[in-house]
Amino acid sequence: MGRRARLVLGLLAAVEAVPDLGVIYAASGRLHVLMATESARRLQSHLVHIHTQTADDHATCERLRDGQKWWSCVDVTRGEHRAAQLWRHLAKYTSSASECRRLHGDAPNRILKIVAIAAAPFKRNVFLDADTVPCFDLATLYTQLQATEQRGLLDLYDVLFVPARESVPRAPARLASWARAPAWVESNGGVIFWRRTPETARLFHRWLASYCRGGDDLAHFNGGDQHILSREVLSAVQRDRLLVYHLLPIWNYRSWRRHFSNKQECCSSASVSEELRPLPIYIDHGCRKPRDYVKRTGNASWFLGEGG
């Protein structure tokens, strides 16, 4: 067997060795690390990575793990793993001296999120905000993404989002912003499904670069990443033929709850009529208050930053 053939076989074997589906979190601060671990626990999968960027957050993640294997704690500032390598490679954005980190008080957290997404090691990936509440385990969620018996939505599309409710147009198309196609809606960045492709890699790197420019509108930059992501997705659709699919609100219930449900309990929805049964919620979001997470830990002040 020639050297070229061995190289090709080695690359194929490396691809096959990559797990099929995994979950990514990015958490900054003890409270958000706690929230991320509570969310991860519900997935019942060891293919979960919780990314942090300080020694204290990483130690908190490991402490909450308590020997369990439901998630891995990933410190992006140390080691030779994929996320740490990318963090160093993008030092002009990620280093403590970078202008990007000084753009806004929330910028370091957003940078961590985007780098964690860009460095995801799985073939098919899910990013979840720390305050999401998966209503089913990961295996069950994955089965609900099947488009046919043989193929899933992530076999057919590059990225899956849920539209942000507040961005759904309510005005005539002629009044749409110049920056957005009339039928285009902003995607909520709290739940993202994607497959590793050159197109998604370019999307995430352009997202970080655009974020660090303040979305090209520093005068109105509020530190958020969602609208910048949506703009980069639209550009990638036009430039790279990125294939995007919009999921139903039950995949990210955050901004849709008040329109579909009068129940406040996580993963609970109400019927819109007596004839129709409520749809199951797959991933709830923002349905628990911070103190709901910490009150049963017995150390609320420590997680809320009220103690040392």
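Mentor: One term before we start. A polar contact is a pair of N or O atoms within 3.5 Å. Also keep in mind that this is a predicted model.
Trainee: Okay. What does the side chain of Lys113 make a polar contact with?
Mentor: The side chain of Asp225, at 3.3 Å.
Trainee: Where is Lys113 placed?
Mentor: In helix H6, which covers residues 107–118.
Trainee: Is Lys113 buried or exposed?
Mentor: Buried. Its relative accessible area is 6%, and buried means under 20%.
Trainee: Which residues does Lys113 touch?
Mentor: Leaving out residues up to four places away in sequence, Lys113 touches Ala26, Phe127, Asp129, Gly189, Trp207 and Asp225.
Trainee: New topic. How many aromatic pairs are there?
Mentor: The count is 6. Take Trp194 and Phe204. Their ring centres are 5.3 Å apart and their planes meet at 75°, so this pair is edge-to-face.
Trainee: Which parts does that pair tie together?
Mentor: Trp194 lies in strand E7, residues 187–195, and Phe204 lies in helix H9, residues 198–211. So the pair ties together parts 10 residues apart in sequence.
Trainee: And are Trp194 and Phe204 buried or exposed?
Mentor: Both are buried. For Phe204 the relative accessible area is 3%.
Trainee: What does Phe204 form with Trp207?
Mentor: A tilted aromatic pair, 6.3 Å centre to centre with 50° between the planes. Phe204 and Trp207 are 3 residues apart in helix H9, so about one helical turn separates them.
Trainee: Which residues do ring pairs link into a cluster?
Mentor: Phe136, Phe193, Trp251 and Tyr282.
Trainee: What sits over the ring of Tyr293?
Mentor: The charged end of Arg288, 4.1 Å from the ring centre.
Trainee: Let's zoom out. How many helices and strands does the protein chain have?
Mentor: It has 13 helices and 9 strands.
Trainee: What share of the residues is buried?
Mentor: 46% of the 308 residues in the protein chain.
Trainee: And what about contacts across the sequence?
Mentor: Take contacts between residues at least 6 apart in sequence. Of those, 70% join residues at least 24 apart.

Methods. Residues are numbered from 1 along each chain as its sequence is written. This is a predicted model: local features need pLDDT of at least 70, side-chain atom pairs count only at pLDDT 80 or more; totals for chains, interfaces and linings use all residues. Side-chain values use heavy atoms; hydrogens and water are left out. Helices (H or I, at least four residues) and strands (E, at least two) are DSSP runs, numbered from the N terminus. Buried means under 20% relative accessible area, exposed over 50%, partly exposed in between (1.4 Å probe, protein chains only). A polar contact is a pair of N or O atoms within 3.5 Å; within protein, one must be able to donate a hydrogen and the other to accept it, and residues adjacent in sequence count only if both atoms are side-chain atoms. Contact means heavy atoms within 4.5 Å. Rings of Phe, Tyr and Trp (its six-membered ring) pair if their centres lie within 6.5 Å; planes under 30 degrees apart count as stacked, over 60 as edge-to-face and the rest as tilted. A charge sits over a ring if NZ of Lys or CZ of Arg is within 6 Å of the ring centre and within 35 degrees of the ring normal.
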